[in-house]
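Biologist: I'd like to learn how to read a model like this one. Could you walk me through it?

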Amino acid sequence: MRIFPKKRGPRIAIKLALVLGYAASLWFWVFPWLDRTFVNRPAL
Amino acid sequence: MKALRATGSVFIFLGLSILFFVLYELVGTSLVTKARQSDLQADFQLALESGALPDPFTGELPLPQASKARSSIRGIARIRIPKIGVNAIVVEGVTLERLAYGPGHYPTTAKFDDARGAAGIAGHRTGWGAPFFNLDRLKAGDQVIVETSKATYTYRMMTSRVVSPGHGEVLQGNPRSRAAKQLVLTTCTPKFTARDRLIIFLDLMQEVPRA
């Protein structure tokens, strides 16, 4: 079963979009949650 | 063979994600705070020079007309700790949103300009500029200077404690001190974790009103 298109252009575009989407979700949701849950809570 | 290759790819992917997190924590967050502190420092200086009066409830100085700030959050004081190279603008409040701007004053504690009581300041130790990264290097006798629109206060470190989170009573000040005005600094400890809190108690040594 083929996941990505056969043509090079669309295949690279989809892979790039997936990587950027993954990085953005880490940066804006996952990392801030990790930061406030495990790394930083300096107030009492 | 195919399964082994897929497993290897997953581990490389996870490893890169962890590296990305370290980059976010140590560089990304600090760049954000650095830009915000730059705005706060400029506005605080302008407000001091113009002789503006602080808000009676929050202690925040008004935003100067020449301000280029991108946020409505304003500074209430400047904290300097010469021993560890800290020079930061203190904001009002200790929520994580506020601490992303710089050290924050606990609203439930005394204000710096109050005649009596202990004022508390919390600051990040990892990321977000990490103003209190080296707070554990302070020794008894070291100075902390807090500058407000009304005066410059020089505090001297008396002692420190490590407590678990939730020990809010430490914000009432050092129980062994007789000083009428105190300062309490709090941050996470050990470094890179939020397990415990490092508490630094300081007594006011000198108060110089602004001319």
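Modeller: Gladly! α1(A) and α1(B) are roughly perpendicular to each other, where angles under 35 degrees count as roughly parallel, over 145 as roughly antiparallel, 65 to 115 as roughly perpendicular and the rest as oblique. This is a predicted model, in which local features need pLDDT of at least 70, side-chain atom pairs count only at pLDDT 80 or more, and totals for chains, interfaces and linings use all residues. Residues are numbered from 1 along each chain as its sequence is written, while chains are lettered from A and ligands numbered from 1 in the order in which they are written.

Biologist: At what angle do the axes of α1(A) and α1(B) cross?

Modeller: Axes are lines fitted to C-alpha atoms, for helices over the stretch in contact, and angles run from 0 to 180 degrees between N-to-C directions. Here the axes of α1(A), residues 8-39, and α1(B) cross at roughly 70° and come within 10 Å. Helices (H or I, at least four residues) and strands (E, at least two) are DSSP runs, numbered from the N terminus.

Biologist: Is the crossing of α1(A) and α1(B) left-handed or right-handed?

Modeller: A crossing is left-handed if the near helix is turned anticlockwise from the far one by less than a right angle, and right-handed if clockwise. The crossing of these two helices is right-handed.

Biologist: Which residues of α1(A) and α1(B) meet?

Modeller: Two residues are in contact if their C-beta atoms, placed from the backbone, lie within 7 Å. From α1(A), A:A23, A:L26, A:W27, A:F31, A:L34, A:D35 and A:V39 meet B:S17, B:F20, B:F21, B:Y24 and B:E25 of α1(B). By class, this contact has nine nonpolar, one polar and two charged residues. Ala, Val, Leu, Ile, Met, Phe, Trp, Tyr, Cys and Pro count as nonpolar, Asp, Glu, Lys and Arg as charged, and the others, Gly among them, as polar.

Biologist: How many residues does the contact take from chain B and from chain A?

Modeller: Chain B provides 28 residues and chain A provides 14 residues. On chain B, the elements giving two or more residues to the side that touches chain A are α1 (2-50), α2 (96-99) and β7 (181-189). α1(B) gives the most, with five residues.

Biologist: What does the secondary structure of chain A come to?

Modeller: Chain A has one helix and zero strands. Its C-alpha atoms fill a box of roughly 55 × 20 × 10 Å, taken along the principal axes.

Biologist: Now the strands. In which sense do β5(B) and β6(B) pair?

Modeller: Two strands pair if DSSP finds at least two bridges between them. β5(B), residues 143-147, and β6(B), residues 151-163, pair in the antiparallel sense over five bridges, and they form a hairpin with three residues between them. B:V144 has B:Y155 in β6(B) as its bridge partner. β6(B) also pairs with β8(B), residues 196-209, in the antiparallel sense over twelve bridges. There, B:T152 stands opposite B:V208.

Biologist: Is B:W128 buried or exposed?

Modeller: A residue is buried if 20 or more other C-beta atoms lie within 10 Å of its own, exposed if 12 or fewer, and partly exposed in between, with C-beta atoms placed from the backbone. B:W128 is buried, with 26 other C-beta atoms within 10 Å. B:W128 sits in the loop between β4 (117-122) and β5 of chain B, and its phi is near 50°, a positive value in a residue other than glycine.

Biologist: And which peptide bond is cis?

Modeller: The bond from B:T189 to B:P190 is cis, with omega near -5°. B:P190 is in the loop between β7 and β8 of chain B.
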